Amino acid sequence: MRIALGVSYNGQAYSGWQSQLSGNTVQDHLEAALGRFTAQKVSTLCAGRTDAGVHGLMQVVHFDTALQRAANSWVRGTNAFLPKDIAVQWAAEVPDGPEGFHSRACATARRYAYVLLQSPVRPSVDHGRVGWVYQPLDGERMRAAADLLLGEHDFSSFRAAACQAKTPIKTLHRIDMHYRPAGQAPMREGEMDCGYWRFEFEGNAFLHHMIRNIMGCLLCVGQGAKPVEWMQQVLDARSREVAAPTFSPDGLYFLGPVYDARWGLPGDTPPFAWLP
């Protein structure tokens with residue numbers, strides 16, 4: 001049978017999702033836990049790879065097995081052998097075969113969020129879980145710049161040199177951003193407004209470092225270092241050299257893939273609830 005799992009993880013301690021010789025990736029730990037639970041070698045395929053330091057709220061994987069287990073048994077049994085910062089959230093039996101479920105091929109879109117702390121002081125208790133800017137951001141300017149990226153484009157300017165994608169042409173369906181003040185007390189004169197920005201991205205697929213590179217450019221516009229129209233110039237140049245530096249991975253979360261309802265899989269998991 002074919003089993004699909006929804007997996008969440010804090011990526012701070014790991015070298016990304018994809019298996020490496022070091023063995024210190026999320027995939028390596030998940031497959032080791034599945035192997036211990038089943039007493040068999042298990043190979044997984046995921047919906048979308050994440051980089052070192054990037055978190056996952058609903059990474060979806062699938063694997064084939066001859067073992068019969070209840071859904072809650074897959075969840076609890078696998079979690080018993082996983083590190084504390086990785087957890088299977090749900091399990092479901094899905095159709096296999098040529099017309100069956102495939103975690104990557106069946107995804108119609110992918111979703112990411114970037115959580116950013118706006119504060120004159122760096123993060124502490126949420127270190128590694130949020131990005132950070134110490135200058136106030138202009139939401140209207142950033143929204144206008146983000147709108148220039150929507151639709152199908154050649155995103156070469158936002159593509160890492162190590163990207164293995166066959167084409168830089170991708171489609172961004174939406175970029176949403178919201179700001180939540182950090183406290184209720186009124187600001188004193190001269191104080192900076194502190195709070196959390198949440199940027200959400202949805203597209204058919206993403207290039208290596210694409211969102212982190214877009215974030216770098218959005219922040220340049222939001223801080224007033226570049227005009228809104230500069231985003232169009234960066235996009236049209238199709239050159240990484242003209243864009244802003246790659247932004248930190250700390251606040252980046254893979255929210256998960258989007259699937260057709262016929263597969264009957266959850267659209268989110270409990271870890272979604274804590275995001276600002």
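**Reading one chain, feature by feature**

Reply: Leaving aside its neighbours within four places in sequence, Gly-139 is in contact with Met-177 and Trp-197. Please keep in mind throughout that this is a predicted model.

Me: Where is the place of Gly-139 in the secondary structure, and is Gly-139 buried or exposed?

Reply: Gly-139 belongs to helix H3, which covers residues 139-147. A residue counts as buried when its relative accessible area is under 20%. The value for Gly-139 is 10%, so Gly-139 is buried.

Me: Where is Thr-25 found, and is Thr-25 buried or exposed?

Reply: A loop is located by the elements on either side. Thr-25 sits in the loop between strand E1 (2-9) and helix H1 (26-38). With a relative accessible area of 0%, Thr-25 is buried.

Me: Which side chain does a polar contact join to that of Thr-25, and with which other residues is Thr-25 in contact?

Reply: The side chains of Thr-25 and Asp-28 are joined by a polar contact of 2.8 Å. Once neighbours within four places in sequence are set aside, Thr-25 is in contact with Tyr-14, Ser-15, Gly-16, Trp-17, Gln-18, Ser-19 and Gln-20.

Me: How many helices and strands does the chain have, and how compact is the chain?

Reply: The chain comes to 5 helices and 10 strands. Its radius of gyration is 20 Å, close to the 19 Å that the globule rule gives for 276 residues, so the chain is as compact as a globular protein of that length. Along the principal axes, the C-alpha atoms fill a box of roughly 65 × 45 × 35 Å.

Me: What percentage of the residues is buried, and what share of the contacts joins residues 24 or more positions apart?

Reply: Buried residues make up 52% of the 276 residues. Among contacts with a separation of 6 or more, 73% are between residues 24 or more positions apart.

Me: How many positive and negative side chains does the chain have?

Reply: There are 26 positive and 26 negative side chains, and the centres of the two sets lie 6 Å apart.

Technical notes. Residues are numbered from 1 along each chain as its sequence is written. This is a predicted model: local features need pLDDT of at least 70, side-chain atom pairs count only at pLDDT 80 or more; totals for chains, interfaces and linings use all residues. Side-chain values use heavy atoms; hydrogens and water are left out. Helices (H or I, at least four residues) and strands (E, at least two) are DSSP runs, numbered from the N terminus. Buried means under 20% relative accessible area, exposed over 50%, partly exposed in between (1.4 Å probe, protein chains only). A polar contact is a pair of N or O atoms within 3.5 Å; within protein, one must be able to donate a hydrogen and the other to accept it, and residues adjacent in sequence count only if both atoms are side-chain atoms. Contact means heavy atoms within 4.5 Å. The radius of gyration is taken over C-alpha atoms; the globule rule is 2.2 Å times the number of residues to the power 0.38. Lys and Arg count as positive and Asp and Glu as negative; His and the chain ends are not counted. The place of a charge is taken as NZ of Lys, CZ of Arg, CG of Asp or CD of Glu.
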